[in-house]
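Visitor: I'd like a quick tour of this one, with the cut-offs spelled out as we go. Could you show me the sequence and the model?

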Amino acid sequence: MSGAVEARLAELGLTLPAVVPPLAAYQPAVQSGVYVYTSGQLPMVDGKLPVTGKVGAEVTAEEAKALARTCALNALAAVKSVAGDLDRIARVVKVVGFVASASDFTGQPGVINGASELLGEVLGDKGVHARSAVGVAVLPLDAPVEVEVQVELTEA
């Protein structure tokens, strides 16, 4: 059953994907009390990365920003897998984004804006959050970007 959040996704022309299966020994998301913590979400689409490489070299900042949106969408799928309903999201608390960066690339915040903007478009004021955007040497599978999200839920 889809609620208001999934209806908003549909209005934006987006579909909640299946949860991306773990690449190692972890869960895509866990709940502790009223909080859900997602594992780092790669920009997987239909089980594969559409683009690989470093941002500022093989991948443009604009491409990476779009990939960060995909990461956020995958994170919402992971949240739903444990919360049951995205309408239970009281607010997004924190977003952490990792950008596999060429040595001279300094636009990590702009890249992770892709995730932040998607959460705002989908959740409105509930999507406003604290955030870190970090440049790293390499990410799993040579992904250009990875995003993790922490949300607070309303009581069931």
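Visitor: Which residues make the nonpolar surface patch of about 280 Å²?

Guide: First, the ground rules: this is a predicted model, with local features needing pLDDT of at least 70 and side-chain atom pairs counting only at pLDDT 80 or more, while totals for chains, interfaces and linings use all residues. Residues are numbered from 1 along each chain as its sequence is written, and side-chain values use heavy atoms, leaving out hydrogens and water. A patch takes residues with over 30% relative accessible area and no salt bridge, joining like charges within 9 Å and nonpolar side chains (Val, Leu, Ile, Met, Phe, Trp, Tyr) within 5 Å, with areas from the Shrake-Rupley method, a 1.4 Å probe and, for residues, only the protein chains shown as cover. Here the patch of about 280 Å² comes from Leu23, Tyr26 and Leu141.

Visitor: Is Tyr26 buried or exposed, or partly exposed, and what is its relative accessible area?

Guide: Tyr26 sits in the loop between helix H1 (4-11) and strand S1 (29-32); helices (H or I, at least four residues) and strands (E, at least two) are DSSP runs numbered from the N terminus. Buried means under 20% relative accessible area, exposed over 50%, and partly exposed in between (1.4 Å probe, protein chains only). Tyr26 is partly exposed, because its relative accessible area is 32%.

Visitor: What is the phi of Leu141, and where does this residue lie?

Guide: Leu141 isn't a glycine, yet its phi is positive, near 60°. As for its place, that's the loop between S4 and S5.

Visitor: At what angle do H1 and H3 pack?

Guide: Two packed helices are described by the angle between their axes and the distance between those axes. Axes are lines fitted to C-alpha atoms, for helices over the stretch in contact, and angles run from 0 to 180 degrees between N-to-C directions. For H1 and helix H3 (residues 108-123), the axes are 8 Å apart and the angle is about 115°.

Visitor: How many residues apart are Glu11 and Arg8 in helix H1?

Guide: Their side chains form a salt bridge at 3.0 Å, N to O, the term meaning a side-chain nitrogen of Lys or Arg within 4 Å of a carboxyl oxygen of Asp or Glu. Glu11 is exposed at 60%, whereas Arg8 is partly exposed at 29%. They are separated by about one helical turn, because in H1 they're spaced three residues apart.

Visitor: How far apart are the closest N and O atoms of Glu121 and Arg69?

Guide: Glu121 is partly exposed at 31% relative accessibility, and Arg69 is partly exposed at 25%. The closest N and O atoms of their salt bridge are 3.2 Å apart. Glu121 is in helix H3 and Arg69 in helix H2, so the bridge ties together parts 52 residues apart in sequence. The N to O value you asked for is 3.2 Å.

Visitor: How many salt bridges does a search of the whole structure find?

Guide: Another one pairs Asp142 with Lys54, with closest N and O atoms 3.7 Å apart. Asp142 lies in the loop between strand S4 (130-136) and strand S5 (145-153), and Lys54 in the loop between strand S2 (35-38) and helix H2 (61-83), so this pair ties together parts 88 residues apart in sequence. The whole-structure count is five.

Visitor: How far apart in space are Asn74 and Val19?

Guide: Asn74 belongs to helix H2 and is buried, with a relative accessible area of 3%. Not counting residues up to four places away in sequence, Asn74 touches Pro17, Val20, Gln41, Leu42, Pro43 and Met44. Asn74 and Val19 are 55 residues apart in sequence, but C-alpha to C-alpha they're separated in space by 6.6 Å.

Conventions: Contact means heavy atoms within 4.5 Å.
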